[in-house]
Each structure stands twice: as C-alpha cells, then as structure tokens.
Amino acid sequence: MIDVNKTQLSSRGARAFCGRRGICFSLVALITLLTAPLFAQVPVQSTDRAQQIGKQLMCTCGCGDTAGSCSHPGAAFSGPCEVAKGKLKEVNERVARGESDSTILQAFVQEYGEAALAAPPARGLNWFAYTFPAVAFAIGLALVIMIIRVWRRRPNVAPASGPAVSAEMLEHARRQIERDVQDD
C-alpha cells in the first residue's frame, strides 16, 4: 500500500508542477509581449539633408537599395539594416560638422570606391550610358520623320489607261484558256 500512496503522491506532484510550469510559461509569454516594443528597431533619426545624401549612397548589405531607402520588406526584420544605419549615422555626423554634400559623397567614394554611389559620375564609359537613351531616341525620331516624308512624297498610282478591251477580245481569251486547260 505504501507503493500506491507514493504513486498517487508523485502524480499529484506532477500535476502541481505542470500547473506551476504553465503559470511560469504564461508569465514569460506576457513579459515577452510587453517588452517586445522596447527591443524593436529604432528608426534612424536623420535630417532631411542627410536623408537626401543617404539616397545617393548604396547600401552595401546586398539589398540593392540606397542607404536612405533600405527597408528589407519581407525579411526577418523591416527597416534599415545595420549597414544603412551606420552610413546614415556617419552622414548625420558629417552634416552636423558642416561638410558639403559633395565632400561627404567624396569621403564615401574614397572609403568604398565608386560603387558606393547610387548613380555613378558621368565620365568615361558612364557618360555613354547616360547619353545613349537620348541619342537613340533622337535617331529613332529622325528615322520616323524621314519615313513619313517618303510616304507622303510617293506618287499616287493612277489606274491603268489604254484602249478598252472589247467583248470579242475577252471571248477570244476565254476560249484560249479553255483549250489550254483541256490540253493539260
């Protein structure tokens, strides 16, 4: 009988432990829900000028956005990544020191190379990439205008003129066609 009492006591203890465990789990979940906003990503505070400069710099985390618009939609987190935050913070510091926009951009180019810029400078082969769309549009427009002018100048085709075909000639042609068809 002592064994039966021990099993009854142990099952009661297990139920009591599970009850306490459930309460502990509930408390942990409640604390997590209440403190989650404290650990959420804080947006980077920046001036409008710093945001504009940030939009001229590429984020190097691999997202393909600029540092000023890095947002990672659909990722494990939403908002600027740590790389973008660091760049925006550095831009803010440089703006606060009174540096010009071109000086700030040059500093990033010296540190990261021209890949740091969202739009590469218009020189060398980049110049061709900037001008090609406009040149191609102009050439296409000129071709269209030339084709329209050629079409307008094309003479109108007049109906054939000459002697009228008599009924005898038509009848003679029909008989000839019939003979040719029968011979084949």
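**Notebook: helices α3 and α4**

I looked up how α3 and α4 lie to each other, and they are oblique, a word used here for angles that are not under 35 degrees (roughly parallel), over 145 (roughly antiparallel) or 65 to 115 (roughly perpendicular). Their axes come within 10 Å and cross at roughly 135°; axes are lines fitted to C-alpha atoms, for helices over the stretch in contact, and angles run from 0 to 180 degrees between N-to-C directions.

I noted the source of all this: a predicted model, in which local features need pLDDT of at least 70 and side-chain atom pairs count only at pLDDT 80 or more, while totals for chains, interfaces and linings use all residues. Residues are numbered from 1 along each chain as its sequence is written, and side-chain values use heavy atoms, with hydrogens and water left out.

**Whole chain**

I found six helices and zero strands in the protein chain; helices (H or I, at least four residues) and strands (E, at least two) are DSSP runs, numbered from the N terminus. Of its 184 residues, 16% count as buried, that is, under 20% relative accessible area, with exposed over 50% and partly exposed in between (1.4 Å probe, protein chains only).

**The α3 and α4 contact**

I recorded that α3 passes α4 in a right-handed crossing, meaning that the near helix is turned clockwise from the far one by less than a right angle, with anticlockwise being left-handed. On the α3 side I listed Lys-87, Glu-90, Val-91, Arg-94 and Val-95, which meet Ile-104, Ala-107, Phe-108, Glu-111 and Tyr-112 of α4; contact means heavy atoms within 4.5 Å. These residues divide into six nonpolar, no polar and four charged (Ala, Val, Leu, Ile, Met, Phe, Trp, Tyr, Cys and Pro count as nonpolar, Asp, Glu, Lys and Arg as charged, and the others, Gly among them, as polar).

**Arg-94**

I placed Arg-94 in α3, which covers residues 82–96. Arg-94 is buried, with a relative accessible area of 16%. Its side chain makes a polar contact with that of Glu-99 at 3.0 Å; such a contact is a pair of N or O atoms within 3.5 Å, where within protein one must be able to donate a hydrogen and the other to accept it, and residues adjacent in sequence count only if both atoms are side-chain atoms.

**Lys-87**

I then turned to Lys-87, also in α3, and found it buried at a relative accessible area of 2%. Beyond four places in sequence, Lys-87 is in contact with Met-58, Cys-59, Thr-60, Ala-67, Phe-108 and Tyr-112. The C-alpha atoms of Lys-87 and Met-58 are separated by 9.4 Å, with the two residues 29 apart along the chain.
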